[in-house]
Amino acid sequence: MRALAGLWVLGLFAWGHCFVEEQDGTLHPRAGLTPEPRSPATSQPHLIFILADDQGFRDVGYHGSEIRTPTLDRLAAEGVKLENYYVQPICTPSRSQFITGKYQIHTGLQHSVIRPTQPNCLPLDDATLPQKLKEAGYATHMVGKWHLGFYRTECLPTRRGFDSFFGSLLGSGDYYTHYKCDSPGVCGYDLHENDRAAWGHGGGAYSTQMYTQRVQRILASHDPGKPLFLYIAYQAVHSPLQAPGRYLEHYTSIANARRRRYAAMLSCLDEAVANVTLALKAHGFYDNSVIVYSSDNGGQPAAGGSNWPLRGRKGTYWEGGVRAVGFVHSPLLRRRGTVCRELVHITDWYPTLLALAAGRPDEGARLDGYDVWEALSEGQRSPRVDILHNIDPVYARAAHGSWAAGHGIWDTAVQSAIRVRHWKLLTGNPGAGDWVPPQAFSSLGPSRWHTAVNAGRSPPGATLQAAALSVHVQSRPACVRVTGTP
Ligand SMILES: [Ca+2]
């Protein structure tokens, strides 16, 4: 199929996480911008959703990170920091929930990510957020990582509501060549423009900068008098750990090589967000815009991320896997410079953004998200009091019986997690439950922290509060109190 034009099997593709010295980082808005004649301002706000990949809870300056993120810090400080904000533990589930407003048990995506060779995609009968925003009169553009399936043309971003798409259909490809290897010998070019492979970009453009330049072009060519939805799903800071050289120079003091590269990637991402914001201002969008920033899951310590003081990591249902960095920045917020400690989940963006756009969900859509705008903008209570993190598998076979006989029987061996007010229940295997102190891992690997945490004990320095944020009950379901934010 056409979407797969850039994906082929290579015998021995020379794959490597090479580091190229500084790329052409022409990120700043062009001098002498001459705005086109503009239509009267739209009453519908421009909606800018920026999704980072695998950014850990601690990996932002205002959570105490040693990594400098001045842009994220400033935008968050001037907006609303979300300090009780949840996503899903891995890529596809979070992205599916953002774009449908539904838990993944309701889209058949509760198991894992969509693999490159897997004939699966976001269900075609769920109206996506960009589809609904188009109905409300929005132009819709996506730049970055899709990861919601592409085995049929109907699954592609441009068939799921986006006027244009520039990015990767998978994830974790090379930041410069844009090739992706799923397994030895199964590699392909994964940079696409609309429905086709975007040949000609393999010459070394670093994806964070390349995507930002595309965003700048979209903003330069769009009339701010017409409402715009821009979904920017950066590849950063997911592995492979690649960063332009000049960002690495800021972190020579970090001994751990993985953390140092990760820090450089995050600094580049921070600069990219600065340049997106500058472009919004330069082209007349900013005053009527809502910018949402979110990570898609917890950080992966083995790949440089940090979730300290939260327990667990990417791919787990511990707090470190699902509690995310997130904030809203907008001149339209009633109360700015605040911290929201109300419960907010990634499914909430669908109804929240759609309501801001004066759109409405499909009749009978049965969304799992809530419109949380009043909680964000006015400091009111969130309508959300619980989150179903997941149930996998959804159905269980009865002991010595059939699937049908198992219907309605709750099996505590099933991997599941639910949060209700200040309590969280985990059953089955929620994933690796270690605490990884900042910088505790050496460049040789993660072995240094395993002995301290595998017994389920809090390491020295971990707060009781952090320890209480996730307690795993494997054989006897029980609840634990979530004591608050660190
Ligand atoms: Ca991710």
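A residue counts as buried if 20 or more other C-beta atoms lie within 10 Å of its own. Keep that cut-off in mind as we walk through this structure, which is a predicted model.

Let's start with strand 1. His-46, Ile-48, Ile-50 and Ala-52 point one way from this strand, while Leu-47, Phe-49 and Leu-51 point the other way. Because seven of the seven residues of strand 1 are buried, the strand is largely enclosed by the rest of the structure.

Which strands sit beside strand 1? In one direction there is strand 11, which runs parallel to strand 1 and is joined to it by seven bridges. As an example, His-46 has Ser-289 of strand 11 as its bridge partner. Strand 10 (residues 228–233) also runs parallel to strand 1, and five bridges join the two. Here Leu-47 has Phe-229 as its bridge partner.

Ten strands make up an open sheet with mixed pairing, in the order 9-8-5-4-10-1-11-12-2-13. Its edges are strand 9 (196–197) and strand 13 (338–340), each of which pairs on one side only. For an antiparallel pair, look at strand 2 (residues 80–82) and strand 12 (residues 326–329), which are joined by two bridges. Lys-81 stands opposite Phe-327 of strand 12.

Helices come next. Helix 4 (residues 207–221) lies across strand 4 (139–145), strand 5 (164–168) and strand 10, and it runs at about 170° to strand 4. Helix 8 (residues 349–356) is mostly covered, with seven of its eight residues buried. Among them are Trp-349, Tyr-350 and Pro-351. What do the buried residues of helix 8 pack against? Their partners are strand 1, strand 11 (289–295), helix 2 (91–100), helix 3 (129–135) and helix 9 (373–378). After helix 8 comes Ala-358, which has a positive phi, near 65°.

Finally, visit Lys-180 in strand 6 (residues 179–183). Is Lys-180 buried or exposed? Lys-180 is buried, because 22 other C-beta atoms lie within 10 Å. Leaving aside neighbours within four places in sequence, its contacts include Pro-116, Leu-170, Cys-187 and Asp-190. Lys-180 and Asp-190 are ten residues apart in sequence, and their C-alpha atoms are 6.2 Å apart in space.

Methods
Residues are numbered from 1 along each chain as its sequence is written. This is a predicted model: local features need pLDDT of at least 70, side-chain atom pairs count only at pLDDT 80 or more; totals for chains, interfaces and linings use all residues. A residue is buried if 20 or more other C-beta atoms lie within 10 Å of its own, exposed if 12 or fewer, and partly exposed in between; C-beta atoms are placed from the backbone. Helices (H or I, at least four residues) and strands (E, at least two) are DSSP runs, numbered from the N terminus. Two residues are in contact if their C-beta atoms, placed from the backbone, lie within 7 Å. Two strands pair if DSSP finds at least two bridges between them. Axes are lines fitted to C-alpha atoms, for helices over the stretch in contact, and angles run from 0 to 180 degrees between N-to-C directions.
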